[in-house]
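The reader may wish to keep the structure in view while following the text.

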Amino acid sequence: MDSSEHGPSVSSTGVASGGNLPPGLTEEEAEEMQVELTKVDDEIQTLRQVLVAKERHAAELKRRLGISPISEIKQNLTKGWHEVQCSNAYKRTQETLSQAGQMTSVAFSSMGSAIRNQFGEMRNSPSFKTFEDKVENMKYQVMGQSNEESDRSHTSNNAPF
């Protein structure tokens with residue numbers, strides 16, 4: 001049994017040999033690309049190590065300056081909120097809500113005026129006057145006042161409402 005029966009062999013650079021190369025790529029080109037890939041992978045690993053070292057140094061500087069993670073979060077939130085408030089979308093929404101609030105205020109004011117007018121009309125109606133007289137008479141009867149006092153209070157214009 002020869003080695004070709006066990007599948008393609010792989011060179012020391014990791015390039016498959018035995019005809020499994022992508023079309024239009026020679027074995028020599030594939031080996032060059034593999035070497036370049038190895039170099040790029042090494043550079044990436046070096047950059048990761050440098051980044052970790054820089055992050056540790058930054059954390060140490062922050063610690064020595066008294067900058068805590070909570071103060072950083074506060075600062076980031078404050079900055080983010082400021083950016084939101086400066087955005088055009090926020091400004092348009094604020095204006096729209098302000099206008100809606102003003103319109104709602106006007107609507108409630110109008111509704112209050114209408115209700116007040118309706119109660120005024122109802123109070124001046126003959127039905128309400130009759131009801132008011134009956135309640136007033138009942139009040140004087142319950143309080144035990146004499147008819148003379150009751151008659152005097154009916155003639156005065158001191159309505160209870």
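## Salt bridges and helix packing

In helix H1 (residues 27-65), Arg-63 and Glu-60 stand three residues apart, which means that about one helical turn separates them. The model is a predicted one. The side chains of Arg-63 and Glu-60 meet in a salt bridge, with 2.5 Å from N to O. Arg-63 is exposed, at a relative accessible area of 56%, whereas Glu-60 is partly exposed, at 33%.

A search of the whole structure finds two salt bridges. Lys-62 pairs with Glu-72 in one of them, the closest N and O atoms being 2.7 Å apart. Because Lys-62 belongs to helix H1 and Glu-72 to helix H2, this pair ties together parts that are ten residues apart in sequence.

| Residue | Relative accessible area | Class |
|---|---|---|
| Lys-62 | 31% | partly exposed |
| Glu-72 | 25% | partly exposed |
| Trp-81 | 46% | partly exposed |
| Tyr-90 | 25% | partly exposed |

Helix H2 (residues 69-86) packs against helix H3 (residues 88-123) at an angle of about 65°, and their axes are 5 Å apart. H2 contributes Trp-81, Val-84, Gln-85 and Cys-86 to the contact, while H3 contributes Asn-88, Tyr-90 and Lys-91. By class, four residues of this contact are nonpolar, two are polar and one is charged.

The structure holds one aromatic pair. Trp-81 and Tyr-90 form this pair in an edge-to-face arrangement, with 5.7 Å centre to centre and 80° between the planes.

Key. Residues are numbered from 1 along each chain as its sequence is written. This is a predicted model: local features need pLDDT of at least 70, side-chain atom pairs count only at pLDDT 80 or more; totals for chains, interfaces and linings use all residues. Side-chain values use heavy atoms; hydrogens and water are left out. Rings of Phe, Tyr and Trp (its six-membered ring) pair if their centres lie within 6.5 Å; planes under 30 degrees apart count as stacked, over 60 as edge-to-face and the rest as tilted. Buried means under 20% relative accessible area, exposed over 50%, partly exposed in between (1.4 Å probe, protein chains only). Axes are lines fitted to C-alpha atoms, for helices over the stretch in contact, and angles run from 0 to 180 degrees between N-to-C directions. Helices (H or I, at least four residues) and strands (E, at least two) are DSSP runs, numbered from the N terminus. Contact means heavy atoms within 4.5 Å. Ala, Val, Leu, Ile, Met, Phe, Trp, Tyr, Cys and Pro count as nonpolar, Asp, Glu, Lys and Arg as charged, and the others, Gly among them, as polar. A salt bridge is a side-chain nitrogen of Lys or Arg within 4 Å of a carboxyl oxygen of Asp or Glu.
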